[in-house]
Amino acid sequence: MFVVASPEQAEALLDAGKLRCPGCSGALRPHGYGRSRRVRSLGHTPVTVRPRRARCFTCAITHVLLPAGLVLRRADTAEVIGTALAAKARGDGHRTIAARLDRPVSTVRRWLRRARGAHADWLREQGVQHAYRSDPDILNHDLSWPTPLGDALNLLAGAALICQQRWDSRLPVWTLIGMFTRGRLLPPPLRI
Ligand SMILES: [Zn+2]
């Protein structure tokens with residue numbers, strides 16, 4: 001699995017031979033598409049996505065190119081899940097968030113549970129790394145939030161805003177955060 005900014009960017013990089021295999025650094029070539037799936041964004045209309053697949057010319061391993069606006073094996077976009085996590089960090093409860101996003105209470109409760117503890121710490125670590133890379137000064141501001149999740153999202157959003165300005169990028173903040181967290185704004189659901 002490989003995270004790309006957008007399907008268009010993935011095509012352009014593949015065509016130009018600029019995507020490299022994470023395992024062996026060989027050039028990746030287009031290799032069909034993954035399974036199509038329905039994903040819900042903030043509105044109500046689900047969109048169908050079919051992630052690109054690419055195969056390494058050298059080691060022959062196939063990689064799925066996940067657009068950064070999606071979250072690995074989740075049916076809602078990074079924007080939807082991120083909005084829920086940000087509301088939680090501000091102190092909202094799962095019922096309020098579920099009603100606002102028009103999602104089942106059980107789904108939102110599951111997201112919030114998965115974003116606690118070790119995963120919140122991992123997100124914070126990604127936030128520190130990307131904030132440091134984009135502008136180490138962010139880390140000097142005393143902006144600590146009462147929870148690791150709040151700290152993590154604050155750092156990730158800070159780094160995303162700096163990237164938007166620096167690259168004059170139109171990529172949405174949650175898509176940039178999707179790149180920073182490599183499609184793991186939430187840990188992938190456990191397979192039973
Ligand atoms: Zn390879």
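## Basis of the report

The model is predicted: local features need pLDDT of at least 70, side-chain atom pairs count only at pLDDT 80 or more, and totals for chains, interfaces and linings use all residues. Residues are numbered from 1 along each chain as its sequence is written, and side-chain values use heavy atoms, with hydrogens and water left out.

Helices (H or I, at least four residues) and strands (E, at least two) are DSSP runs, numbered from the N terminus. Of the 8 residues of H7, 6 are buried, so this helix is largely enclosed by the rest of the structure. They are Trp174, Thr175, Leu176, Ile177, Gly178 and Phe180. Buried means under 20% relative accessible area, exposed over 50%, and partly exposed in between (1.4 Å probe, protein chains only).

## Packing of H6 and H7

The axes of H6 (residues 148–167) and H7 (residues 173–180) come within 9 Å and cross at roughly 110 degrees. Axes are lines fitted to C-alpha atoms, for helices over the stretch in contact, and angles run from 0 to 180 degrees between N-to-C directions. Contact means heavy atoms within 4.5 Å. Among the residues that meet are Leu153 and Trp167 in H6 and Val173 and Phe180 in H7.

## Zinc site

Cys21 (SG), Cys24 (SG), Cys56 (SG) and Cys59 (SG) are the protein donors of the zinc ion, at 2.3 to 2.4 Å from it. Donors are N, O and S atoms within 2.8 Å of the metal (3.2 Å for Na, K and Ca); water is not among the atoms, so sites may look incomplete. Cys56 is buried, at 3% relative accessible area, whereas Cys59 is partly exposed at 31%.
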